[in-house]
Amino acid sequence: MPAILTKIREQAFRVQPTIAVGVGVGVALAACAVYGTREKKHSPPCHNNNNYKIAKNGQLQPVGNGETQTCGGRCGAEQCALCRGDADTDNKQNIEDADETQSVEEHVPGLNLEFLRQLVSLARIMVPGFRSHEVALLAAHTVCLFSRTFLSIYVASLEGSIVKHIVQKDLRSFSSLLMQWFGIAIPATFINSMIRYLESRLALAFRTRLVNHAYDLYFKNQTYYRVANLDARIENADHRLTEDVSVFTQSVAHLYSSLTKPCFDLLLIVLTLASYSNKMKGNIFLGPGFATIVICLTGQLLRLLSPRFGALAGEEARMKANLRHVHSRLIAHAEEVAFYGGHKVELGQLQSAYKELVTQMTSVFNKKLWYVMLEQFCMKYVWSGTGMVMLALPILTGTRLDSSADEGISTRTEYMTTSRNLLNSAADAIERLMSSYKEIVTLAGYATRVSDMLVVFGEVARGRCVRAVHVAPAPGAGFTVTFRDKQPVPMGKVSYTTDLSIRLTNVPIVTPACDVVASGVSLELKPGTHLLIVGPNGCGKSSLFRIISGLWPVFGGELSVPRPCECAHCAGEPHAPPHCAARPVMFYIPQRPYMTMGSLIDQITYPSRVAEDDAAAEARAAHILRVVRLDACAARHGGLRAVCDWRSTLSGGEKQRVACARMFYHRPVYALLDECTSAVSMETEVVMYEEAIKEGITLLSITHRPSVWKYHTHVLEFDGAGGWSFRPLEKDGSAITPALPRIADVNTHSSTENEKESISE
Ligand SMILES: Nc1ncnc2c1ncn2[C@@H]1O[C@H](COP(=O)(O)OP(=O)(O)OP(=O)(O)O)[C@@H](O)[C@H]1O
């Protein structure tokens, strides 16, 4: 019996290395088996119409956010089954389209070729070249990971030697080795800490690269505006730019270490143990074969039963973004909600967004509960059992015997301890590699969100927007939008004038949904042509400004605008008097003016900033504040350099005056006034119009107040049914044709109002 035990001990010692070799080979094979076959069914990404599908009834339905946009049977489009009255009949083309979009819908983020493509393109942004800062961080990180592996092997062999000298009762060697063991702890702990530090630095460096790249695209050609208003593919771009990019970069940096370290560990441990095995003349085929089979089988099982973590992560990120969006809406419109007493509706929306997120997270936790259990069972118990079987196999089949008893026992104990430690490390590395699969598919969800965002930003910056549109012309629209791949193609021409004039020749006013609100608008404006724009609500007055300013595309005809200044200062930024002698050509002032962060002078000089010690700019701003009668208000709030939340501090009328002050500060050639004085008292409004004309600013005004009509020389009148007329106004502001009410009649009414106002003031 003792002889058998000795034999078992000897063979056990001999077999340890072969287990490691087997496990190493097995992992490689299992990884191929698991990762190579995952998510083969995959549709190529489609960036065309991928957020909308044409339902069988011919209506466009957005995919994903649960909202349904329909024309309500009013668009009159020929392709629209609802408007044709055959909503229930099967339209072959529409069914095909629906199927096509569904295949796009089936695309699930996961470990597949699409993910690799996305990862490569994102990696090119995150690591722009070999000489970059990120490569240096990666190299340092790799060195640390590599050193950690060497240290692990060294510590394992040191522990083996310590045990050997304990068995030999050699106190001196034991003490010396113990000192070495403590000595090695210092670099080991430093390297561990360094690994975490470099991982965080790497994540931050990657994030900075991605964020800078995304910001470049986001601010190119007004993409921030177009993505929110003209394109429907990205909802909550803010969340993608902040949260998703951050999570993605952290995952990439973490995955680098959680893949690299186990690979180094396995490689070095397998090589070390193989050298032991060679020394011990062990059988290196039996164990590897068995381990390979077991690991392949468990890997396949895990693959088959793994939930789609990538899709789940993407969905969860979308819901988080939605919840944040509802919160920011409430903050932005808190006053309106409070006045309406709309807290119940808002609370309901918040609760439903939160509930949706909780349901999704609970479902992920539930799926993880069973998967982690299975994973642990396979990795901890099945593999340990495999190890035990492999221990037994060579012992039962081996023949090698040692000659010296004492030396043999202590040496074998040393080998046993070393091998056991190394085996533990190898098993840990394998477990981490297998668990990384989960991390990779989760990463795929975030990679898709970040990559899609950059693709959409790029396309939108190049002028390609995708959203639900009315594909066929409405009857009597007078202009037909050209479509390609079911998306509208702007066929209009944009050119530059040299004499500061603005010319529209047959330019239709087409909304982003492809509704033609007015067709063939033709007019010519020169400095000094003050244009009044009137018409019913929704007839396209503001849209005309959007087209002239280049926010909306020109679908037909020709738009000629003054060439923007290309001087060095103005190349990247708007004109501002402190930088450039030239005046800005166009300056838009909306009804609800935008208040930027900063001091009162920052509000007036926006979009320029003046230096802290710019006394001339301060004097100019103070003068303008007196013109718009805001000097008392400024004094009340602490003067020009006072910083506060101006959006909530100033009243509606005061904000409009600040916006007018902005116009006076910049002195543009043309001021696009979109009901920008609707909340300003009539008396002050008149003063501001007079001052603007005195300053040589040409006014293009949308206003419903007849009191300021007299400051205009021409009128553009929309009839709300697609028609328009452009004609001169008489000196007193009355229209030449009777289409507009006679100014004299209106004046009678408004002058009474004026009197009332001045008395009350
Ligand atoms: N981002 C958008 N997407 C789709 N349709 C839009 C968008 N912006 C405006 N529209 C539509 O374009 C049409 C014209 O809008 P516009 O803002 O030019 O009206 P308006 O004449 O200025 O009206 P109001 O006097 O009420 O300000 C409206 O029917 C509006 O619904």
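Two residues are in contact if their C-beta atoms, placed from the backbone, lie within 7 Å. I kept this criterion at hand while going through the predicted model.

**Entry: Ala237**

I began with Ala237, which lies in helix 8 (residues 237–280). Setting aside neighbours within four places in sequence, I found Ala237 in contact with Val227 and Met453. I then looked up Phe457, which is 220 residues from Ala237 in sequence, yet the two C-alpha atoms are 9.7 Å apart in space. Is Ala237 buried or exposed? I counted 21 other C-beta atoms within 10 Å of Ala237. The cut-off for a buried residue is 20 or more, so Ala237 is buried.

**Entry: confidence**

I noted an average pLDDT of 75 for the chain, with 72% of the residues scoring at least 70. Over residues 1–106 the pLDDT is below 50, although the model has 208 contacts for this stretch beyond near neighbours in sequence. Residues 572–579 also stay under 50, and I found 16 contacts for them beyond four places in sequence. Where pLDDT is low, the predicted coordinates should not be read in detail. For the complex, the predictor gives an ipTM of 0.96 and a pTM of 0.67.

**Entry: the chain as a whole**

I recorded 21 helices and 14 strands in the chain. Of its 761 residues, 37% are buried. Among contacts between residues at least 6 apart in sequence, 78% join residues at least 24 apart.

**Entry: the largest nonpolar core**

Which residues touch the most other members of the largest nonpolar core? I listed Val450, Ile589, Cys660, Ala661, Ala671 and Leu672, out of 126 residues in this core. Helix 13 (residues 405–461) gives the most to the core, with 19 residues. Domain 1 (2–45 + 107–461) and domain 2 (483–596 + 659–760) both contribute residues, so the core lies between them.

**Entry: annotated segments and helix 6**

The unreviewed UniProt entry places the feature "transmembrane region" at residues 15–35, 135–157, 177–198 and 284–302. I checked two of these segments. Residues 135–157 are 100% helix, with end C-alpha atoms 33 Å apart. Residues 177–198 are also 100% helix, and their end C-alpha atoms are 31 Å apart.

Buried residues in helix 6 include Leu198, Leu202, Phe206 and Leu210.

**Entry: helix 14**

I found helix 14 (residues 541–548) mostly covered, with seven of its eight residues buried. Among them are Lys541, Phe545 and Arg546. Gly550 follows this helix and has a positive phi near 85°.

**Entry: backbone exceptions**

Most residues other than glycine have a negative phi, and most peptide bonds are trans. I looked for departures from this.

- The bond from Tyr606 to Pro607 is cis, with omega near 10°; Pro607 is in the loop between helix 15 (600–605) and helix 16 (615–627).
- Leu500 is not a glycine, yet its phi is positive, about 65°. Its place is the loop between strand 5 (493–497) and strand 6 (502–510), and with 16 C-beta neighbours inside 10 Å it counts as partly exposed.
- Glu675 has a positive phi near 50°. It lies in the loop between strand 11 (670–674) and helix 20 (682–694), and its 18 C-beta neighbours inside 10 Å make it partly exposed.

How values were computed: Residues are numbered from 1 along each chain as its sequence is written. This is a predicted model: local features need pLDDT of at least 70, side-chain atom pairs count only at pLDDT 80 or more; totals for chains, interfaces and linings use all residues. A nonpolar core is a set of buried Ala, Val, Leu, Ile, Met, Phe, Trp, Tyr and Cys residues joined through C-beta atoms within 7 Å. A residue is buried if 20 or more other C-beta atoms lie within 10 Å of its own, exposed if 12 or fewer, and partly exposed in between; C-beta atoms are placed from the backbone. Helices (H or I, at least four residues) and strands (E, at least two) are DSSP runs, numbered from the N terminus. Domain bounds come from an automatic or database domain assignment. pLDDT is the predictor's confidence in each residue, from 0 to 100. UniProt positions are given in the numbering used here, feature names are shortened, and annotations may be inferred rather than shown by experiment.
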